[in-house]
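I set out to record what the coordinates show, entry by entry. The notes keep to what I looked up.

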Amino acid sequence: MTPRQRRWIFLIAGAGLVAFYLWGLSGLPGFGNYPGPYGFAILRVAVAQTNATGVVSAINFDYRGFDTVGEEFILFVAAAGVATVLRRLRGERERPAVDEAAGRDVPATSSAVRMVALLFTGPVVLAGWWLASHAQTNPSGGFQGGILLATAFILIYLSGEFLVFKRLSPADLTDVVEAVGAGGFVVIGLSAVAMGLAYLKNFLPLGQVPGAVSSSGTIALISFFVGIEVAAAFILIVTELLDQTLLIRKGG
Amino acid sequence: MQVFPFVVVAWILGVGLYGVVTSRHLVHQIVCLIVVQSSTYVLLLGVGYVTGGVAPYFFDVPNHTPAVDPVVQACALTDVVVEAAVTAMLLAFAIQAYKRFGTLDPQELADLKG
Amino acid sequence: MDQLLAVVVVVPLLVAAAVTACGLLFRSRRRILDVVAILTAAAVAVMLFAIMIRTARGDQVYWFAGFRPAHGVSVGIDFEVQPLSAGLACLAAVLVTAAMTFSWRYFDRVATYYHALMLTFLAGITGFCLTGDLFDLFVWFELMGVSAYALTAYRPEERGPIQGALNFAITNSIGAYLSLSGIALIYGRTGALNMAQIGVAVAKHPADRLVVVAFVLVIAGLLIKSAIVPFHFWLPDAHAVAPTPVCVLFSGVMVELGLYGIARVYWSVFGQALGHRAAIGHVFLGLGLLTAVTGAVFCFRERHIKRMLAFSTISHAGMFLIGIALLTPLGLAGAAVYVIGHGLVKAALFLCTGIVLHRLGSVNESWLHGRGRPLRVTGVVFTLAGLGLADLPPFATFLGKGWIEASAGPWLVPVLIVCSAVVGGAVLRVAGGVFYGLGDRPSEDPQMAREAAEETSETTGGKDRTPLTMIVPPALLVGAAIVVGLIGPLGPAVQAAAVRFEDQAGYNTTVLSGAHVSHPVALFAAGPTSVTAADVLTGLGSVAGALILAWLALYWRRLPLLRAHRPNASIAAAARRFQSGVVNDYVTWIVIGLAGLGGIFAAIIGLPQSPALGSSPETS
């Protein structure tokens, strides 16, 4: 199809599809009138059953924890896929990671950016760590915490210290950490199986008070493993992408 | 106000698909794919909304306060992670496509035909 | 509760993570990785086989995290396993084992990702087959998809794999998002994600616009995955460039999984609510026919062996859909056994092509003419597999096809025979030309020659002989296809499983209340599964047709009549226009197809219900 044909054909067919979709959407109960029962059933029992005050985390890591296993491995596979596709190929050489600024007119990172980036690195790590390990209370949990942890590393790169960034996150170590995170989650579930319970049953002590630091059993533990897996996966992805632009070039 | 969020859902889907179909740049196409998925976020969160409900976090709010549906929020979270993963991979493919083909125009990438 | 159900999905995931974690150790000892991966896949196959045998007596339900449903409301995720689900997953595990054995030692690889990716692919397939929760279905569908995208792009130093992977990823991702939209839509009505719970909730009223749209959206992603026309354009691109062991899995299982998903979503969730069984059956029948014929036609004109096999998969996908669309237990059983036979035979064909690629360095049929003569054993296995593809008795393909034909109307049977014959003819043409040097060299299509030339060898070393690890798997797979066709009690057992699959009320009871349903009731009566003389005749007829077509294709230049014609040129032009390689076109076709399908379904729901079938659902 020529681009013009394609555009016109799509406008007609797409209008049809959108109209069909709207026709179906009009059958929904109005916005704000959620009928239940799944959400209401969980809201009734979640805090009592799991001692977690963050119900979304309870769903993610307990009620529907098995979905989260799959989702975590999707991220794992994506990191592996990025590494596979962007690896150093035959016919390409990796530029040795030395400082090439000597004698070259490279614009230095502005001091403002450096300062802000370095200033934020510490608090970001802290925030990420807290989010990842306190999933039972905060509206977040392992995934967001992991992203924040990865952001800290990226802040180091942004502050102009690419070599420091590379040294702090060698690909092999990141690989291992990611795999430990993913495998750890699976193993926690299997521990329940080993005890004769259903896979991923919350078997650790639930604590006395809902929302306390050491409450909600396996939810906090799983969230921690997910956090380090997500952090490692994102660091790996960003490293591969940066390697492509900064280190690898064609040559014999 | 009762149907507006759902009209937005259909619109975002349409616009995203239009972007994918008429795109001449791979990165633009991948971002349009993200737009298509955004329509699912809006739909998920839209169907779970309860008028007057609070967020389902009972740390400072007494337990059993009417809250919005937490299940769709968990689903949307899963959805976001899936989308991030797929996007990362697609962008890696785009980088390699540029290196192999020298162009990012999907209409020029036609090495396989027929 | 049978813990095996959870373990069978989790083990490949754990091994994939472990293999990556110990990546440093294994870098120099590749053989250990191969052994670990093969053993894991084999273990999963054995476990799934055991599960399949166990579920023959009754469905097994497994509730994760110990959350059982109360008062018909489920808060957790369940696995609901039936023999058909476990059987399909078992086929996948067997094919993964064969593929990993094939790639022993000779595969270029990076770090440990190949093995990890194959194992996560297997885990995604197993989870998809066993799950009873719609959102969980989506998660495993995406895991399967993402692993597939990564595996397709496994040799990014060539141009083809990147383009194929991009087309694959973009089209299938759009499909997945559309499916998710459908899931969210039906959740907005029923407030449930568990398939049985949704089924009960939507069956309370006749289907209205929301249920119809949700159904069409949910199967949109599955239709794209199963390469049904016009959603099929990504498949030949992905097949042409993926490494051979990966193609084995795509053709052998992944496409069939999309069809399984459609059947599952229809029978376990939406079937009772939608009603209009006859009309809906006809719609899918039409789609299946279109796919079968299109795939067969395009298959015959291909000279790139892997793309040819890809189009043949599309054609067979159409035939499987026909079997499912007949809505009878016999048709479903036929489709199931046909899938098994086809999977085994197609895998053998791809593995033999891989051997040809390894020894001779090409997959271009024109260039390979006559050069395959030294590969004698491979030639025999390839020819046998080709005959199996053409439904030679007693292959399992013949058995399944016979049941589909028995359940179909008399006007459908010739179409099925012709499609099988055309596809079989193409494969036998390759067998005769490449391995035995029969006939004349086929014409060289410059575009195809360029593509095929790009397919460089995927193996290193040892090109002067075919290692055992490469030839034994396809030989065993072909043998298995014959053996499965000879199992006597297979017929009644598979059909009983199909009856149970189609019994929505029984399914809901089993999942939501844990009761055991002793007499499942399907919509149509079960049919006879014995092999009659008529069946054997049609099977032989299909094979004869394939042989004739192959002979004609090889020798047409020597026949005065055909020499004058050039039928290939116009089809070639049409093919290039449609299979353009541009993903924008593919997505446009998806939108066209969905808009059309949506319009048809909207019209169907507007029709009054036929009194015989699918009239007002029973309210329990």
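**Entry 1: confidence.** I noted at the outset that this is a predicted model. I then looked up where confidence in chain A is lowest, and found strand β2 (residues 248-250) of chain A, at a mean of 56. The highest value in chain A belongs to α1(A), at 92.

**Entry 2: layout of chain A.** I counted nine helices and two strands in chain A. Along the sequence, I read the order as α-α-α-α-β-α-α-α-α-α-β. Chain A has 252 residues, of which 52% count as buried. I also looked at the contacts in chain A with a separation of 6 or more: 72% of them join residues 24 or more positions apart.

**Entry 3: contact of chains A and C.** How many residues does each chain bring to the contact? I found 59 from chain A and 64 from chain C. On the side of chain A that touches chain C, the elements giving two or more residues are α1 (3-25), α2 (38-50), α3 (55-63), α4 (65-85) and α8 (171-194) of chain A. The most comes from α4(A), with 14 residues. By class, I recorded 35 nonpolar, 14 polar and 10 charged residues on this side of chain A.

**Entry 4: helix α4(A).** I followed this helix further. α4(A) has 21 residues and spans 30 Å from its first C-alpha to its last, close to the 30 Å expected at 1.5 Å a residue. I checked burial next: 21 of the 21 residues of α4(A) are buried, so the helix is largely enclosed by the rest of the structure.

**Entry 5: nonpolar core.** The largest nonpolar core holds 374 residues, and within it B:M89 and B:F93 touch the most other members. I listed the neighbours of B:F93, leaving out residues up to four places away in sequence: A:V85, C:A153, C:I162, C:A165, C:L166 and C:A169.

**Entry 6: strand pair in chain C.** I found strand β1 (residues 60-63) of chain C paired with β2(C) in the antiparallel sense over four bridges. Opposite C:W63 I found C:D78 in β2(C). Which residues of strand β2 (residues 78-81) of chain C point one way, and which the other? I recorded C:D78 and C:E80 one way and C:F79 and C:V81 the other way, and all are buried.

Notes
Residues numbered from 1 in each chain as written. Chains lettered and ligands numbered in written order. Predicted model: local features only at pLDDT ≥ 70, side-chain atom pairs only at ≥ 80, totals over all residues. Contact = placed C-beta atoms within 7 Å. Nonpolar A, V, L, I, M, F, W, Y, C, P; charged D, E, K, R; others polar. Buried ≥ 20, exposed ≤ 12 C-beta atoms within 10 Å, placed from the backbone. pLDDT = per-residue confidence, 0-100. Expected span 1.5 Å × (residues − 1). Core = buried A, V, L, I, M, F, W, Y, C linked by C-beta atoms within 7 Å. Pairing = 2+ DSSP bridges.
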